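My entries follow in the order in which I made them.

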Amino acid sequence: MPELPEVEAVSSVARRALAGRTVVALRILRKRICAPQRPATVERHVAGRRVVAVERRGKSIEIQLDGATLWIHLRMTGNLYPIADARLRAHSVTACFELDNGRALVFDDPRGLGVLRLGPAPPAGIDPLRDEFTAERFVALAGRGRGAIKTWLLDQRRVAGLGNIYAAEALFQAGIDPRRAGATLSKTRLERLHRAIVAVLGDAVESASLAYQRPGGLAEGELFDPAVYGREGLPCPRCRRRVRRFSQGGRSTYFCPGCQR
DNA sequence: CTGCCCCTGTAA
DNA sequence: TTACAGGGGCAG
């Protein structure tokens, strides 16, 4: 489910639930999520500690405690939300933070691909929601890319936060063929892509934060109407040509062959 | 670069 | 039954 906008919203939810709280106990209900660290070790380091801060770093969420730090990655299907009673957690909950106010924050993850580990969140690239994401820096970085721009955008080490949906939407909005290498794109077109990334993510952050404030969180596919993502064979909203799909780096890329060159 | 893996759910 | 899923790490 989550790309940067959703992680930002989930991070806010976790921050509100954890602010000023002490974690009485952490229960890791699926061992793999902290591998290669041992569940008992992680639980012991967290238990009894006061929450100092919750921050998003790229697509990771870092929870700083008084004397320990842990980070969470939601991967495909992870979610964090508070519940009134730890005993009433859903079957798909992989970890549960029991709090000193009697409530709990759960890490719910049906596919179980998500991660929870001790230590600071791994280093991520420039955050496209922050001021540091300037057109100049983006042009300098992307202009060096030799591989396909879509794959390049998904690599979190340079620009951190774009995933499969918003990368496709930003490239559509900028009118750029996802197979092009960054190094072959003009400064003007890379600046256009920079603007598209900021616009696409900015819009999504707003709707994601609204959606996650409601009980039940986000409903599937309600965020926005993609122009190309998931629309193989359907007409492009701009030129009416059929949206095409192909595989890039093991995932689906959607694009309009008319608008994206 | 591609392909496979992690795991479960859902839809065709 | 197969294909696919908004992520990412790894091997070849």
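Entry 1. Does Arg56 count as buried or exposed? I note that the model is predicted. I looked up Arg56 and found 5% relative accessibility, so Arg56 counts as buried; the cut-off for that class is under 20%.

Entry 2. I then looked for the partner of Arg56. Arg56 forms a salt bridge with Glu8, with 2.5 Å between the closest N and O atoms. Arg56 belongs to strand β2 and Glu8 to helix α1 (residues 4-18), so this pair ties together parts 48 residues apart in sequence. Glu8 has 24% relative accessibility and therefore counts as partly exposed.

Entry 3. I listed the salt bridges and got 14 in the structure. One of them pairs Glu98 with Arg27, the closest N and O atoms being 2.6 Å apart. Glu98 is in strand β6 and Arg27 in strand β1, so the pair ties together parts that are 71 residues apart in sequence. Glu98 is buried at 18% relative accessible area, whereas Arg27 is partly exposed at 39%. I also noted a salt bridge between the side chains of Asp155 and Arg157, at 2.8 Å from N to O. Here Asp155 counts as buried at 16% relative accessibility, and Arg157 as exposed at 64%.

Entry 4. I turned to helix α2 (residues 39-46), where the buried residues are Pro39, Val42 and Val46. Viewed down the axis of α2, they fall within an arc of 70 degrees, so they line one face of the helix. I checked what the buried residues of α2 pack against and found β1, β2, β3, β4, β6 and β8. Just after α2, Gly48 has a positive phi of about 85 degrees.

Entry 5. Last, I looked at DNA strand B. The residues around it include Arg30, Arg32, Pro110, Arg111 and Gly249. Of the atoms of DNA strand B within 4 Å of the protein, 67% belong to sugar and phosphate. A side-chain N or O atom of Arg30 is 3.4 Å from a sugar or linking oxygen of DNA strand B. A polar side-chain atom of Arg32 lies 3.3 Å from a phosphate oxygen of DNA strand B. For Arg111, a side-chain N or O atom is 2.8 Å from a base oxygen of DNA strand B.

How values were computed: Residues numbered from 1 in each chain as written. Chains lettered and ligands numbered in written order. Predicted model: local features only at pLDDT ≥ 70, side-chain atom pairs only at ≥ 80, totals over all residues. Heavy atoms only, no water. Buried < 20%, exposed > 50% of the residue type's maximum accessible area, 1.4 Å probe, protein only. Helix = DSSP H or I, 4+ residues; strand = E, 2+ residues; numbered from the N terminus. Arc of directions from axis to C-beta. Contact = heavy atoms within 4.5 Å. Near = heavy atom within 4 Å. Polar contact = N/O pair within 3.5 Å; in protein donor to acceptor, adjacent residues only side chain to side chain. Salt bridge = Lys/Arg side-chain N within 4 Å of Asp/Glu carboxyl O.
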